[in-house]
Amino acid sequence: MFENLSERLQAVMGKLTGRGVLSEADVDAAMREVRMALLEADVNLGTVKEFVARVRERSVGQDVMKSLTPGQMVVKIVLEELTALMGRGESRLVFSGRIPGVVMLVGLQGSGKTTAAAKLANLLRKQGRSPLLVACDVYRPAAIDQLESLGKQLGVPVYRGEGTDAVAIARAGVQHAVSTMRDTVIVDTAGRLHIDEEMMAEAAAIRTAVHPDQVLMVIDAMTGQDAVNAAAAFAQTVDFDGVIVTKLDGDARGGAALSVRAVTGKPIMFAGVGEKLDALEPFHPERMAKRILGMGDVVTLIEKAQDAFDTSQATDLEDRLRSGVFTLDDFLAQLQQVKKMGSLGDILKMIPGANKLPKDAEIDEGALARTEAIIQSMTRKERAKPSIINGARRERIAAGAGVRVFDVNQVLKQFAQTQKLLKQVQTSQKGGKRRRFGMPGLPGGL
Amino acid sequence: MATPWYKRLGDGLSRTRGALQGHLNVLLRRGPDVDAVFWEELEDALIQADIGVVATTELVGRLRDAAAREALPDAAAVLDRLAAEIAAEARVPGDDPFASGPATVLVVGVNGTGKTTSVGKLAANAVAEGRRVVIGSADTFRAAAIEQLRVWAERAAVPVVERAHGADPGAVVYDTLAEASERGADLVLIDTAGRLHTSTDLMAELVKVQRVARRESAHPVRTVLVMDATTGQNGLLQAREFDRALGLDAIVLTKLDGTAKGGIVVAVARELGIPVVRIGVGEGLEDLAPFDADDFAAAVVGRGD
Ligand SMILES: Nc1nc2c(ncn2[C@@H]2O[C@H](COP(=O)(O)OP(=O)(O)OP(=O)(O)O)[C@@H](O)[C@H]2O)c(=O)[nH]1
Ligand SMILES: [Mg+2]
């Protein structure tokens, strides 16, 4: 089974480059794969059908660019269309300027609203606002305590009203913001099913009571085909301005994000990428497009590396990743940085094709030390040109590192795999915009 | 205290639910013909139930063969046959950890699937059956998780063992099992923190928690994955990873009171052979039901009530 669309299309369309125009038959085979890839990523069936029709129309008769294979040509078209569908660039929160500004969060149970509310408070505070969190989930046990505790962690005040009338609490919360000079209110609401009329009416009533500048729907990235049912119902009864997609730190392809965008036309504004309260990022549609297609996310990989490396090192790594020059020395340096970056497994998951690595590629601490010793037992020449490492050299290296020849073979194999992966990354980046590193900085202005 | 939350699941709910379910019955409304359009719509219905494109293709392929071979007379017959096949796939042999003698059950899953709520419901259920239940609050990580479970313990009228926020979850398990043996409990339910199956560290933590449970428990230790019915294809990856790390005995499938069908459990059953033993159908203490493969399958093919 092919993990990413690029490989699939290569397999069904052949690897020859520059083959004139895409034939009807070529495109048919390709569209079956596109459909399959999107459905496996949980893109809604209706959205998939429309999308495939559009890509088919654009593809038939298309000239294949000289440098591309027919498969890559289709990937290019798919990516362009997918990015267009996701919306371009970042979408920001829009405040009317009225004080206090109000943001209201809605969504299904367990989607991550309360955590998202706290993360949003954190983000807005970093942008110079003074948020107040308002706890309107009067149903779920300890939901209010949860928000209060998160607020305490952040040093952001939390308003918890009296009684069980969520609408009244929301209204009083906004009043409280006025009297305590907070300029932004974030209203956390209870999770609710989109078919629960009473609860949907409650959400609509909260909206009417506090006139939010922005209503955001919080959606779990792992949601399947049902995402559009929920989103469409929320759009209709409560209406919302944008979406926060949560739990994107996992391995969900996140097709639901695309479907929701396609079906409701609302932009995805933020991505939740961890349980920590700073793990909320502006949403990048083009990265999401690649993720949905299983094409990895080299940009995120590089940014993650950047947190651990200093900038010059990171730029260096980026250049190497892009140029495809990657030696055993780099491999070693990278392994040594891995500890700082979190588990290697997490990082590998972001590399296209890495999910196909053998399980033993999940290096444990012991193996890390072993690998270090093995590479250090190599000569400069060997490190630069591993192909010269023959049997005799392997034995010498093994003796030097105090390991078995088998271990040396393993390291060389892993290195070769990494190198291959990087080549793939590089190919999939070709033609894409070259993106320089900026400083991590705050997401601008919202 | 909040207004009785379960009161909210009133008539309005079932009314809308009926309307939304209607679209799946399109398969029958179009008449008895088994033509190309029928097959396409059938495939669509399965995909929309999150069965997954691979399993769907295979199921429909098999069904087409059977329909031709056995000359199934009409659409209704084909649908019944399909429902039977799906039910057969979903009906995985295996012990029900909540109904096969004394046990310590570790409740695990990704964030927000309904673990804590399910622990509350399961405890109430077991108490109603006359069992002695103790629950352990091993989610020491998420804010107010301990307080949340405490409320459920009160509702179910069972003792809960806790430590402070941030405490070692293994230590909570240790305390819980000590308390359980002192009280002569025959069902111990342990709520754990939600975690993504991709987080190596957090999965390792859970393995440790399980080890403590196995070491300290007087009863067999069972591990149950709580899965949200709205989960798409990622559900299979979740089940795979939790199973790989812990060895899963069963699944509780929650949030079936919405419009999602939870079809991903078919893929999980096929690949991993893990049975679904309970379903969650609401936020109330009583909103837990045994899993019925036939009902499940009927809902997936749109022949539910
Ligand atoms: N509609 C519906 N909601 C449910 C069901 N089970 C749980 N919920 C809701 O889902 C939300 C999350 O439930 P929790 O029990 O807190 O989930 P959890 O898995 O313990 O969450 P974490 O501990 O944060 O990972 C709550 O709002 C519950 O009320 C169900 O069967 N149906
Ligand atoms: Mg919980």
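A polar contact is here a pair of N or O atoms within 3.5 Å, where within protein one must be able to donate a hydrogen and the other to accept it, and residues adjacent in sequence count only if both atoms are side-chain atoms. The structure is a predicted model, in which local features need pLDDT of at least 70, side-chain atom pairs count only at pLDDT 80 or more, and totals for chains, interfaces and linings use all residues. Residues are numbered from 1 along each chain as its sequence is written, chains are lettered from A and ligands numbered from 1 in the order in which they are written, and side-chain values use heavy atoms, with hydrogens and water left out.

An oxygen atom of ligand 1 lies 2.5 Å from an N or O atom in the side chain of Thr117(B), and an oxygen atom of the ligand is 2.8 Å from a polar side-chain atom of Gln148(B). Taken alone, ligand 1 exposes 650 Å², of which the protein buries 96%; accessible areas come from the Shrake-Rupley method with a 1.4 Å probe, and for residues only the protein chains shown count as cover. There are 23 residues around the ligand, and Lys115(B), Thr116(B), Thr117(B), Asp257(B) and Glu283(B) come nearest, a residue being near a molecule or strand if one of its heavy atoms lies within 4 Å of it. Helix H6 of chain B, residues 115–128, gives the most to this shell, with four residues; helices (H or I, at least four residues) and strands (E, at least two) are DSSP runs, numbered from the N terminus. Because residues from chains A and B surround ligand 1, the site is shared between chains.

A nonpolar core is a set of buried Ala, Val, Leu, Ile, Met, Phe, Trp, Tyr and Cys residues joined through side-chain atoms within 4.5 Å, and buried means under 20% relative accessible area, exposed over 50%, and partly exposed in between, with a 1.4 Å probe and protein chains only. The largest such core has 149 residues, and those that touch the most other members are Leu38(A), Val187(A), Leu46(B), Ile86(B), Phe242(B), Leu253(B) and Phe296(B). Helix H4 of chain A, residues 70–86, gives the most to this core, with nine residues. Domain 1 (3–86) and domain 2 (101–292) of chain A both give residues to the core, so it lies between them; these bounds come from an automatic or database domain assignment. A second, separate core has 28 residues, including Val103(A), Ala118(A), Leu154(A) and Val156(A).

Leu120(A) lies in helix H5 of chain A, residues 113–126, and is buried, with a relative accessible area of 0%. Leaving aside neighbours within four places in sequence, Leu120(A) is in contact (heavy atoms within 4.5 Å) with Leu93(A), Val103(A), Leu105(A), Ile186(A), Leu216(A), Phe270(A) and Leu280(A).

Chain B has twelve helices and eight strands, and 57% of its 305 residues count as buried. In helix H12 of this chain, residues 293–300, the buried residues are Ala293(B), Phe296(B), Ala297(B), Ala298(B) and Val300(B). They pack against helix H3 (36–48), helix H5 (75–90), strand E6 (250–254) and helix H11 (264–272) of chain B. The N-terminal end of H12(B) is capped by Asp292(B), which has a side-chain oxygen 2.8 Å from the backbone nitrogen of Asp294(B), while just after H12(B), Gly302(B) takes a positive phi of about 80°.

Some backbone details remain. Most residues other than glycine have a negative phi, and most peptide bonds are trans. The bond from Ile99(A) to Pro100(A) is cis, with omega near -5°, and Pro100(A) is found in the loop between H4 and strand E1 (101–107) of chain A. Asp42(A), in the loop between helix H2 (24–40) and helix H3 (45–59) of chain A, has a positive phi near 75° and is buried, with a relative accessible area of 4%. Ala71(B), in the loop between helix H4 (53–69) and H5 of chain B, has a positive phi near 50° but counts as exposed, at 55% relative accessibility.
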